[in-house]
Amino acid sequence: MNSKRLVTAVAAGAAVAMGLSACGGSSSDGGGNGGGGGTNTPAFNAALTTTFNPSEKKGGVIKVANAGTWDSLDPGETYYGYSWNFLRLYGRSLVMFKPAPGTASNELVPDLAESLGVPTDGGKTWTYKLREGVKYEDGTPVTSKDVKHAVLRSTDKETFPNGPAYFEGFLDLPEGYKGPYKTKDMDTNSAIQTPDDRTIVFKLKQAFGGFDYMAQLPQTVPVPEAKDTGAKYREKIISTGPYKFGKNDIDKSFTLVRNDQWDAKTDPNRKALPDGFEVTMNVNADDIDNRLISGDLQIDISGTGVQPASLSRVLGDPNLKASADNPTLARLWYTSINPTVAPLDNIECRKAIEFAADRTGYQTAYGGTFSGGDIATTLMPSQIPGQEKFDLYPAGADNKGDVAKAKEALTKCGKPDGFETNIAYRAERPKEKATAESLQQSLARVGIKLTLKAFPAGDYFSQFAGNPPYVVANGIGLSTNGWGADWNDGFGFLSQIVDSRVIRETGGSSNTSVRIPEVDKMLDDAISETDTAKREKLWGAIDKRVMEEAVILPGVHAKSLLLRGKGLTNVFVSDAFGMYDYLSLGVA
């Protein structure tokens with residue numbers, strides 16, 4: 001991803017010093033036109049930086065498959081990148097990433113709001129004005145109070161364990177606030193004010209020059225309080241986008257159909273070309289590849305690319321290769337090493353895993369250099385400003401692991417003959433299973449015995465690998481994991497996976513293993529640093545400090561091999577999401 005955005009996400013520096021004039025005020029609308037012409041000629045990477053098969057034609061239904069299930073369809077409780085991409089079809093956040101090919105997608109543009117946020121009070125207060133005439137699918141008008149309710153409900157992590165934890169960390173919420181269900185009568189005007197039906201004002205505990213990046217989170221998609229059913233809202237979501245739910249058979253299938261209350265005049269970002277979407281879940285990942293190739297399916301919703309079993313077939317067939325794109329992503333595939341599970345509470349036992357891991361095996365599990373990515377020794381990929389290259393646990397010249405160093409660490413941790421632990425992975429993801437099997441083999445060389453434990457993707461973080469009591473009770477020493485930047489800077493990449501304060505005992509956090517108070521303070525210091533160069537250097541220091549504790553085993557900095565579904569129009573890769581832009585697609 002390109003690191004240049006409309007606003008640097010933690011521009012508490014220059015932007016604050018200049019009154020944040022660069023962050024707020026008016027901005028051009030998104031346009032949603034796919035951008036920059038395009039091509040109708042099939043070719044490898046034809047949709048990487050431009051639009052493949054541009055069209056204005058409406059009609060047809062796009063068929064979508066998911067190898068697992070959504071964590072949630074509720075905009076307030078979802079944290080999978082593909083879900084954020086897809087839900088723009090039925091929900092409108094205050095601002096959004098521009099629906100355009102390549103690096104142009106890194107720009108923030110107004111969505112539900114008329115403009116980007118207007119900062120005051122040195123960046124501690126942010127004001128948005130809603131567009132006039134936006135309605136829900138039932139014809140009732142969207143108000144600022146609905147946006148306030150949506151944001152506040154998302155802070156209740158007992159009801160909504162999934163989803164990011166930015167708002168509860170930054171909003172000046174009253175002490176003891178537990179969301180609108182448990183503390184309904186508590187005054188929250190210290191955090192969010194709605195002076196009229198079209199104005200919403202956010203009050204922060206500290207200045208944050210990149211608040212527009214929080215305003216693009218799905219948690220700002222409005223939810224009418226009268227229609228809010230709490231945890232069951234995922235079953236009947238009230239749409240503000242061009243599509244609404246037809247049927248919704250939770251964790252099995254659903255359809256999107258046109259929302260006749262959506263007004264294109266209020267929405268410059270969405271073309272709404274297809275008549276609808278048919279989505280099926282729990283489809284075998286290899287079958288998804290086969291159906292994409294045959295034309296029975298247009299989208300693999302996960303957006304992580306074809307499975308290793310299909311790789312040689314796609315690359316070896318000129319026609320199939322001409323229907324593929326190979327983006328490099330701001331994403332890390334990694335394994336969490338949980339220090340709450342003995343004997344991994346001993347740093348030397350964790351270091352043994354770092355040294356013993358076969359890095360080439362990890363890379364092969366994800367498809368090799370071409371579609372898997374480059375071997376990683378750090379958390380941050382090169383697209384993130386401030387990334388520093390280092391390797392604290394060299395794996396030998398062949399990158400297959402340093403067995404001698406691993407055995408030395410085992411001796412230091414009092415386990416010279418090794419130990420046993422469990423490794424979790426998402427059952428529907430063959431690449432994660434292959435990763436777990438590779439680690440099982442490479443760690444066995446030094447006596448570390450891994451038992452593989454598969455869990456459903458939809459509940460992976462809320463109930464299993466991201467649920468601290470479950471992790472401890474069931475001896476989940478390792479958990480396969482993956483992370484893509486919420487936005488491309490150090491804070492947008494690191495905060496939700498290394499800040500111990502986002503870990504929730506009720507589950508749902510992407511951070512399952514990093515509990516380092518010093519890192520928490522380093523994050524706070526970086527956010528408040530006003531000098532861009534110094535701030536970016538701090539991100540690299542945080543990366544290294546986490547790696548010193550050996551609580552994350554980096555795998556690969558990701559690439560993917562995506563297949564364009566047959567008959568799709570307006571296909572392009574969005575850098576902001578690291579996959580095809582689902583909002584702009586049509587079907588011939």
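## The largest cavity

The lining of the largest cavity takes at least two residues from each of α2 (81–86), β13 (328–337), α14 (460–464) and β17 (476–484), where helices (H or I, at least four residues) and strands (E, at least two) are DSSP runs numbered from the N terminus. The model is a predicted one, in which local features need pLDDT of at least 70 and side-chain atom pairs count only at pLDDT 80 or more, while totals for chains, interfaces and linings use all residues. Residues are numbered from 1 along each chain as its sequence is written, and side-chain values use heavy atoms, with hydrogens and water left out.

This cavity (grid points, on a 1 Å grid over the protein atoms alone, where a 1.4 Å probe fits but cannot get out; lining residues have an atom within 4 Å of a point) holds about 560 Å³. Its lining comprises 39 residues, with Tyr79, Tyr80, Gly81, Arg331 and Gly484 nearest the centre.

## The second largest cavity

The second largest cavity has a volume of about 200 Å³ and is lined by 19 residues, among them Ala67, Ser302 and Glu428. Helix α13 (residues 430–444) gives the most to this lining, with three residues.

## Ser509

Ser509 belongs to the loop between α16 (490–498) and α17 (517–528), and this residue is buried (under 20% relative accessible area), at 3%.

Terms used
Buried < 20%, exposed > 50% of the residue type's maximum accessible area, 1.4 Å probe, protein only. 1 Å grid on protein atoms, 1.4 Å probe; cavity = no way out; pocket = protein on both sides within 12 Å on 5 of 7 lines; lining within 4 Å. Points joined across faces, edges and corners; volume = space filled by probe spheres on them.
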